Amino acid sequence: MPFQPATPLPRTLSEALRFAADLQDKIEASRPAVEFVAKFVEASATQPLRAVAKVLKVNERDFVAKLIEEGILYRLAGKLTPASQRMDAGRFEVKEIVTKDGFATVHMRFTTLGVEWIARKVVEWNQKAVVPA
């Protein structure tokens with residue numbers, strides 16, 4: 001689970017330097033993933049939640065739980081729905097799709113802006129989990 005605190009604060013200068021070096025290594029290691037997200041974002045206009053979770057390499061259930069916890073999404077009649085301020089900011093799009101059988105269903109999707117924004121939020125959440133306040 002990516003949102004749990006993992007390490008204690010360093011107590012000595014050498015521990016702090018080692019901790020900083022380890023964080024830098026993690027940043028360098030995530031660089032290809034960040035570049036991949038950038039290409040993914042450029043590839044198409046909107047992305048479903050599952051695809052965004054996969055690209056960010058987070059567990060989909062944990063991701064949804066965190067989005068609900070942070071007030072980014074909520075459930076309306078069992079469907080995930082973005083908060084209105086997130087919709088107004090252009091981070092989500094809600095599409096109504098009519099199936100071959102004539103049934104209408106609503107799908108929430110991340111816009112390009114939303115994918116970039118949520119990728120930054122996930123990094124922020126993960127950093128908070130690694131470095132306790």
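Predicted model: local features only at pLDDT ≥ 70, side-chain atom pairs only at ≥ 80, totals over all residues.
## A surface patch, a nonpolar core and charged pairs

M87, V94 and V106 together make a nonpolar surface patch of about 200 Å². M87 lies in helix 4, which spans residues 84-88, and because its relative accessibility is 32%, M87 counts as partly exposed. The whole chain exposes about 9000 Å², of which carbon and sulfur atoms supply 57%.

The secondary structure comprises five helices and five strands, and read from the N terminus these elements follow the order α-β-α-α-β-β-α-β-β-α. Of the 133 residues in the chain, 29% are buried. When contacts between residues at least 6 apart in sequence are considered, 48% of them join residues at least 24 apart.

In soluble globular proteins, nonpolar side chains tend to be buried together. Here the largest nonpolar core has 19 residues, and the members that touch the most others are L49, L56, F63, L67, I72, F110 and I118. Two or more residues of this core come from each of helix 2 (49-56), helix 3 (60-69), strand 5 (104-111) and helix 5 (112-130), with helix 5 giving the most, namely six residues.

Although V123 and L56 stand 67 residues apart along the chain, their C-alpha atoms are separated by 9.3 Å.

The charged side chains form a further theme, since side chains of opposite charge can pair when their charged atoms come close. Five salt bridges are found in the whole structure. One of them joins the side chains of E60 and R50, at 2.9 Å from N to O; because E60 lies in helix 3 and R50 in helix 2, this pair ties together parts that are ten residues apart in sequence. E60 itself, at 27% relative accessibility, counts as partly exposed.

Another salt bridge is formed between E69 and K66, whose side chains meet at 3.5 Å, N to O. These two residues are three apart in helix 3, so about one helical turn separates them. Through salt bridges that share partners, K66, E69 and E70 are joined into one network.

What is the nearest side chain of opposite charge to R86, which is buried yet has no salt bridge? R86 is found in helix 4, and the side chain in question is that of E70, 6.7 Å away. A salt bridge requires the side-chain nitrogen to be within 4 Å of a carboxyl oxygen. Setting aside neighbours within four places in sequence, R86 is in contact with E70, I72, R91, F92 and W117.

Notes
Residues numbered from 1 in each chain as written. Heavy atoms only, no water. Core = buried A, V, L, I, M, F, W, Y, C linked by side-chain atoms within 4.5 Å. Buried < 20%, exposed > 50% of the residue type's maximum accessible area, 1.4 Å probe, protein only. Helix = DSSP H or I, 4+ residues; strand = E, 2+ residues; numbered from the N terminus. Patch = residues over 30% accessible without salt bridge, like charges linked within 9 Å, V, L, I, M, F, W, Y side chains within 5 Å. Areas by Shrake-Rupley, 256 points an atom, 1.4 Å probe, with all protein chains shown as cover. Contact = heavy atoms within 4.5 Å. Lys, Arg positive; Asp, Glu negative; His and termini not counted.
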